[in-house]
Amino acid sequence: MTAFTPVIRSRSAAADRAFNLVTAGAAWLVLVVLGATAASMAWGGRLAFQTFGLGFITSQDWDVVQGKFGALVPIYGTLVTSAIALVIAVPISLGIALFLTDIAPRWIRGPIGIAVELLAAIPSIIYGMWGLFIFAPFMAAHVDPLLSDTLGGWPLIGPIFTGPPIGIGMLTAGIVLGIMVIPFIAAVARDVFNAVPPPLKESAIALGSTRWEVLSRVTLPYTRSAIIGAIFLGLGRALGETMAVTFVLGNAHDLSMSLLMPSNSIAAAIANEFTEADTELYRSALIALAFLLFVVTFIVLSAAKLMLLRISRAHGRTH
Amino acid sequence: MRAILIRRRLVDLFAFLFASGATLFGLFWLFWILWTTLGQGLGAINFGLFTQMTPPPGSQGGLLNAFYGSAIMIFLAVIIGAPLGVAAGTYLAEHGRHSRLASIVSFLNDVLLSAPSIVIGLFVYELIVRTSGHFSGYAGAVALAMILLPIVVRTSDEALRLVPDQMREAAFALGIPRWRVTAQILYKAAMTAILTGVLLGVARIAGETAPLLFTALNNQFWSGSLGGPLANVPVVIFQYAMSPYDEWHELAWAGALVLTLFVLGLNLTVRILAKRSSK
């Protein structure tokens, strides 16, 4: 055993320590990036928070000339478009997940699964361009007038669907966001459905359950928290999505009931205005918006991760 | 009795139709978007696209400087982000496997993975652009590296976990020091999966626009230097698509088509290769 002289052993111990240190340092870096981003946004936005206080969140003024900035319109636009996105994406994604796990013939699952993943891979700027040049004109020509003429006349919900048929607005942005979010929710939901222990499903089938009954009485109850996690993951994506929304939202700082009216979102306001922001306060207000967005998405994504962790623990995975 | 059976069958049929319809609905958008990009982009693609610079409003030109800027920033981002990501992934999967730090990092890494990329762009603006006083290709590369980092951390972590424990045990039994086991055995075994992760990360950052808006900005002219504003495909597409000029719209569509083909092509190739090697 000449190879194991003490010198070599201590040298390899030192190398081991060094290797450990480097990898642990890289792991710390992930935390540093996250923490420094939050700190930097808080620091950059402090001027706006100091100047306007809580009013920054509740005011709808966005007056560049007079230097008055309130975030209510972008916050409202972000929440409304994300809500529309989820209303569309959640049922569709669950349908796709069900199709890919239980309904489709085995040979077709792979290709369709890949197609759905490709939908997630298309850069968001392509969605935005398609939205601006193709989908918005389509909405203006066909969907907006239809909604205005039918639902627009109804009591109570009428004002939500009345407006000029310009195609640019919260409804269009919400639909484009929904299409973008579908593959994220569907992919996670498919994995979650696949994680249901086969004996559970098989027993239900043996008792004579239909596919729908297996889904609604076995699969969904078993995976409930993880499915909510998947939906939250989609919500996190929708809240922070920038390019797709910037193209079709219209960059208007007006608070409007109608979904057909242009509006703004946090990410779109930053993308549109940051390079033009010529005063410290203006820039600080936009960074303060980014801080709010970061905090909200952090909470939403953490909640999503916690709910998804539960099922992977139950499923015996190590991470 | 019979009525209940029929109702159950009907509900089931409805669920079947809904799930199939939902899948068709999802694929419908994929094809619509691809169809549009192909139709609008093909007409705008010509030789000049790859040999000329971005033009001033109202004249012909190409995207050469944008392609070059994007390529060099992606390259730099991979040089910065991939080694750090693999190192952090190694910590999560190997050296810190059961440590508290590893579980915290693993959790927050997934949050960072989905965090809004525009906020990363603003962070790099505050960090580099504001302190150095000007937009630069370096800042753009750092922003892209920050987007790449969590992707590589996650995929290399998973790649290393897929290596069977028997391999580690066999290596330890031979008395090989831990770092050598990782560097010379585990990396070799997980190489394909790690590379797959990096390439998927490249596909992701190639289309990222938001983090480049306030870092690399854009540059209408040829610039080989990373020290100043640097043209890049996504921001050119954004600015040209939002402009009122038809020539610029055409160029934006051509850029969009090249970008989409690159991203989807890379995705498909990597997935097919990964599947083949796992068989």
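In chain B, helix 5 and helix 7 (residues 178-206) pack at about 150°, with their axes 8 Å apart. That makes the two helices roughly antiparallel, so they run under the label used for angles over 145 degrees. This is a predicted model, where local features need pLDDT of at least 70, side-chain atom pairs count only at pLDDT 80 or more, and totals for chains, interfaces and linings use all residues. Residues are numbered from 1 along each chain as its sequence is written, chains are lettered from A in the order written, and side-chain values use heavy atoms, without hydrogens and water.

**Helix packing in chain B**

- The contact (heavy atoms within 4.5 Å) includes B:Leu144, B:Ile151 and B:Ala159 from helix 5, plus B:Ala190, B:Gly197 and B:Arg204 from helix 7.
- By class, that contact has 15 nonpolar, four polar and one charged residues.
- Helix 2 (residues 64-95) and helix 5 (residues 137-161) of chain B pack at about 35°, axes 6 Å apart, and their crossing is right-handed too.
- For reference, helices here are DSSP runs (H or I, at least four residues), numbered from the N terminus.
- Axes are lines fitted to C-alpha atoms over the stretch in contact, and angles run from 0 to 180 degrees between N-to-C directions.

**Helix packing in chain A**

- Helix 6 (residues 124-149) and helix 7 (residues 170-194) of chain A have axes that come within 9 Å and cross at roughly 130°.
- These two helices are therefore oblique to each other, and their crossing is right-handed.
- Among the residues that meet are A:Tyr127, A:Trp130 and A:Phe135 in helix 6, and A:Ile175 and A:Ile179 in helix 7.
- By class, this contact has eleven nonpolar, two polar and no charged residues.

**Where the chains meet**

- 84 residues of chain B are in contact with 85 residues of chain A.
- The buried area (accessible area lost on being put together, 1.4 Å probe, summed over both) is about 7,600 Å², with carbon and sulfur atoms giving 80%.

**Salt bridges**

- The structure holds 16 salt bridges over all chains (a side-chain nitrogen of Lys or Arg within 4 Å of a carboxyl oxygen of Asp or Glu).
- Four salt bridges are found across the interface of chain B and chain A.
- A:Glu213 and B:Arg8 pair up at 2.7 Å, N to O.
- Within chain A, A:Arg190 bridges to A:Glu117, with the closest N and O atoms 3.0 Å apart.
- A:Arg190 lies in helix 7 and A:Glu117 in helix 5 (residues 106-121) of chain A, so the pair ties together parts 73 residues apart in sequence.

Methods: Parallel < 35°, antiparallel > 145°, perpendicular 65-115°, else oblique. Left-handed = near helix turned anticlockwise from the far one by under 90°. Nonpolar A, V, L, I, M, F, W, Y, C, P; charged D, E, K, R; others polar. Buried area = accessible area lost by both parts, 1.4 Å probe.
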